[in-house]
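Me: I'd like to learn how to read a protein model one feature at a time. Could you walk me through this one?

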Amino acid sequence: MLDIPTSFLMTFNKTEKRRQTILGIISKGDANVEELSLHFGISESTIRRDLTELANNGRIVRTYGGAALLGGERRESSLGERIHIQRQQKNAIARLAALQIGEGDTVILDAGTTTAALAWQLSGRNKLHVITNNIAVLIALSNEPEIALTVLGGSLRKMSMGTVGPLTELVLDRMSADKVFLGADGLVAGRGLCEATQEQAALKEKMIGRATEIFVLADASKLGFAGQPAWTPLDRPWTLITDADAMPSQLAPFEACPNITVMIADAVR
């Protein structure tokens with residue numbers, strides 16, 4: 001008979017009980033990592049491991065910084081809600097992304113909070129041209145004398161504060177860039193990026209087609225998440241920049257793809 005240490009059984013049972021409680025909380029509505037961490041009095045990294053395990057077992061789906069039950073209706077978070085989620089991780093990703101931009105580069109910055117964080121990292125840079133549909137990027141860079149800004153006009157999508165639609169794509173058709181930095185609701189290796197609307201997905205595909213190098217900025221909560229209906233494929237070589245909270249099981253599918261380079265950003269605590 002296998003002799004299992006009592007301490008191990010106690011830890012295992014405690015973990016399983018906590019995960020069952022987490023499921024009960026999520027069944028009443030979406031829950032985020034910060035709230036669960038405070039509720040249980042444990043670290044956010046432990047909560048992320050719990051959510052990752054529950055997701056791997058098909059019991060929940062990961063969302064922005066948290067989780068929701070499978071099969072439930074998904075409510076897209078507004079920009080105002082997302083700006084406070086995974087802030088340290090997003091800033092770490094932004095710092096690493098900024099290191100990939102050189103003097104004289106023309107870059108496309110997608111809508112989203114992580115690309116907005118990247119824009120703030122570009123303060124003081126010289127001889128850059130930034131093309132964007134992200135209103136927050138304009139706020140970050142409007143007073144930078146050495147950074148040229150091109151705004152992709154179109155219909156404003158208030159949930160993300162980014163422009164989308166035929167007019168946005170029309171302007172983009174007339175431009176090219178050295179690098180594009182994309183955000184996403186979710187990211188699946190071998191499949192691509194998922195978004196809430198087809199307009200967003202189509203614009204991302206257009207951005208990819210206009211850039212020489214492709215970077216996707218996605219914190220760990222978005223890796224493997226496929227809970228939105230619209231998809232942008234990633235068939236060319238590209239680079240994933242994520243944060244140090246990403247679990248090996250989350251990173252493995254991306255690291256196994258020959259056309260994907262994975263970069264991990266360390267958060268400054």
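Predicted model: local features only at pLDDT ≥ 70, side-chain atom pairs only at ≥ 80, totals over all residues.

**Reading sheets, helices and a pocket**

Reply: Gladly. Strand E14 (residues 238–243) and strand E15 pair in the parallel sense, over six bridges.

Me: In what order do the strands of the parallel sheet come?

Reply: Follow the pairings from strand to strand. Here seven strands form an open sheet, in the order E6-E5-E4-E9-E12-E14-E15, with parallel pairing. The edge strands, E6 (147–151) and E15 (260–265), each pair on one side only. From one strand to the next, the twist averages 20°.

Me: Which strands does H10 lie across?

Reply: Helix H10 lies across E14 and E15, and runs at about 150° to E15.

Me: How many strands form the antiparallel sheet, and in what order?

Reply: That open sheet has three strands, ordered E10-E11-E13, and its pairing is antiparallel. E10 and E13 (230–232) are the edge strands, each pairing on one side only. The twist in this sheet averages 30° from one strand to the next. To see one of its pairings, take E10 and E11 (residues 192–195), which are joined in the antiparallel sense over three bridges. Valine 188 has glycine 192 in E11 as its bridge partner.

Me: Where does H9 lie relative to this sheet?

Reply: H9 lies across E11 and E13, running at about 5° to E13.

Me: How should I read two helices that pack together?

Reply: Two packed helices are described by the angle between their axes and by the distance between those axes. In this model, the axes of helix H8 (residues 166–173) and helix H9 (residues 198–210) come within 10 Å and cross at roughly 5°. Angles under 35 degrees count as roughly parallel, so H8 and H9 are roughly parallel to each other.

Me: Which residues of H8 and H9 meet?

Reply: From H8 come Thr168, Glu169, Leu172 and Asp173, and they meet Ala202, Leu203, Lys206, Met207 and Arg210 in H9. By type, the residues of this contact divide into four nonpolar, one polar and four charged.

Me: Now the pocket. How much space lies in the largest one, and which residues lie nearest its centre?

Reply: The largest pocket holds about 290 Å³ of space. Its lining has 18 residues, and Ala55, Asn56, Leu223, Gly224 and Phe225 lie nearest the centre. To read the lining, ask which elements supply it and what types of residue it holds. Helix H3 (44–56), strand E2 (60–63), strand E10 (186–188) and helix H10 (248–255) each supply at least two lining residues.

Me: Which element gives the largest share?

Reply: H10 does, with four residues. As for type, the lining divides into 12 nonpolar, five polar and one charged.

Terms used. Residues numbered from 1 in each chain as written. Heavy atoms only, no water. 1 Å grid on protein atoms, 1.4 Å probe; cavity = no way out; pocket = protein on both sides within 12 Å on 5 of 7 lines; lining within 4 Å. Points joined across faces, edges and corners; volume = space filled by probe spheres on them. Nonpolar A, V, L, I, M, F, W, Y, C, P; charged D, E, K, R; others polar. Axes fitted to C-alpha atoms, helices over the stretch in contact; angles between N-to-C directions. Parallel < 35°, antiparallel > 145°, perpendicular 65-115°, else oblique. Contact = heavy atoms within 4.5 Å. Pairing = 2+ DSSP bridges.
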